[in-house]
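Please examine the sequence and the structure shown here. The explanation that follows leads through the contact between two chains and then turns to selected residues.

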Amino acid sequence: MQIYVCVKHVPDSAANIVISGKNSIDKSIPFLINPYDEHAVTEAVKLKKSLKKSEVVAVCLGTDDAEKTLRSAMEMGADRSILIMVATGQDSITTAKALKAAIESDGEPGIIFTGRESIDDVGMQTMFRIGKAFGFPVAANVVKFSIKGSKVTVESEREGGIRDVYELPLPCVLAAGRGLNTPEYPTFPQIVKARRKQIKKIDFNTLGIEKIGAAMEVVELKPFVKKRCPVEIKGTPLVAAEKLAKILHEEAKVI
Amino acid sequence: MEKTGIFIEIANGRIKNANYGMITAARGSNSELYAFVINFKAEKIKKKLYAHGIDKIIEIRAENDFEMAWNPVSWSKAVMEAMNAFDIHILLALTTGIGKELLPRIAAELDAPLVMDCIGIDFDKKTAETFRYSGKTIATVKLTGMDLLFGIKPNIIDAVPVNTDSVTAVAMSSDSIDSTTREIDALPETKDISALTKPEIIPFTIKTDFLKTTGQFKNIKLNKTVMPETSSSDNFSNVNLMDADIIISGGRGMKNRENFKILSDCAKQLGAAVGASRAAVDSGWVPYSMQVGQTGEKVSPKVYIACGIAGSIQHFAGMKTSNMIIAVNIDLDASIIALCDYYIVMDLFEIVPLLTKVISEINHT
């Protein structure tokens, strides 16, 4: 089975974001694989090991710098990767079309894994658009996965610990959530091996993506800083607890 | 007149509070507001919806008055069907567990732009504001397309009722939300007769065979829904993190799983939800569903009480939009101290039980 994993190259969540121009950020900060996508790669590799004749292919959009993210995916066990070369970030409508075109030109997907969301844009929708593009069913925030014949059973966590158990026919798109598995740090031999794995580069412009008149575009980006002036609540523990209760009652008005 | 559809989220037979902030946001469209409810008799909430500006309520259900079983594909199709029937091209829903299932499926199907977790919408400019880069920036996103979809971040936009003249007797305070009978009883006191008939309720039946057809997007089959067990030892609070006005969270400083009971006891008195930092989840003390942060829930309660949480940048990504942040930490150098509104530099094991006791006394007087 051809298993594809869509990964995203995102700014390190610990990095300081500096706005550049009106609507973008200074990209000289470290970028890495989106954390949820690590769960997607881990699950894909686990599945591959349980199936005969399968291959895990990681797919990403970006510049040469995104090779780092694909290298990470391959260190975690992906066999090879595809980098769709594009200079600027695309919205999820175009991203899904590009991923579809690249995957389709490469092979016949049995399963497509993604992360449940990207930590930079948190659009939460690319997986559904990929599903629509291929005509495959989609399950979101998958925290448990099993496969039997041509069917998969997943547990999809909605919120507050509520889990929907779905059955999907293959091929399908599954968005990995935390809890699905525990990604492991690659070993040194894995890292060395990944260096020899192939990254196929495809120019975005050769994919023939037609713009459909629907789009999302960031027109302005500004820093969000909520000014807080920390005030210490002092006194004996009992006095502090009483002061806190008073703040909750009088200032926050929640009790 | 243009129309805007609003998917009203019902939880446990009650309309979620966050819906009212969403309706307030939708009013910016200056269009006719259509509320969509699924499997819900809107009669008992219609006054309240009207007071917030809803013009029409579409009651979606299956044939023969059957409930539509939860399935994200069929529910999405049903909402699309209603949008189509009433010629609606703008849709709002909450960015909650259900909204995250429905909105992107509809957006994908319609090839329509969608912005999730909106904190503001400008309908004239067709832009929405949302957080980007772990809450470090606010992005203004322009949407272009035939249909525009918006996921509203719960509890950020304040609910402001409009049609208050006609429903002066309807208490708008949040504590009256579940006491629907009181609202109806109070109605005869109002002078505006239209308040008695508005908003119009329109039943909308989804044909069973429509639900069976797989159409363009293949169906997924729901085998069952597993609810978190309230009797389970993992259940530290009956309040959902996303709906809570107060969240009390524990981090590495909690030291072990058993100590979370201290937070649980306090949460019960406060009516709060219990959250956790990644450190506490990764240590296996509490389930992942309690995690607040970059790779957990992103919450915006009125009050966030962080106990024994150092305050990493990733934790802040999940709670920095809280109205008030209170830190209880023994370490004055913890980064959360510099980023909160109030802090207590004391042992949480001493402070939290005392707070529980003080609140309990207030609750009993």
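**The interface of chains A and B**

Between chain B and chain A an area of about 7,500 Å² is buried, and carbon and sulfur atoms give 59% of it; buried area is the accessible area (1.4 Å probe) that two parts lose on being put together, summed over both. This is a predicted model, in which local features need pLDDT of at least 70 and side-chain atom pairs count only at pLDDT 80 or more, while totals for chains, interfaces and linings use all residues. Residues are numbered from 1 along each chain as its sequence is written, chains are lettered from A and ligands numbered from 1 in the order in which they are written, and side-chain values use heavy atoms, with hydrogens and water left out.

Chain B brings 92 residues to the contact and chain A brings 80 residues, where contact means heavy atoms within 4.5 Å. Nine salt bridges are found across this interface, each a side-chain nitrogen of Lys or Arg within 4 Å of a carboxyl oxygen of Asp or Glu. Lys97(A) and Asp111(B) are joined through their side chains by a salt bridge of 3.9 Å, N to O. On the side of chain B that touches chain A, helix H4 (residues 97–110) gives the most, with nine residues; helices (H or I, at least four residues) and strands (E, at least two) are DSSP runs, numbered from the N terminus.

**A residue of chain A**

Lys100(A) lies in helix H3 (residues 92–106) of chain A. Leaving aside residues up to four places away in sequence, Lys100(A) touches Ala133(A) and Phe134(A). Lys100(A) and Ala133(A) are 33 residues apart in sequence, and their C-alpha atoms are 6.7 Å apart in space.
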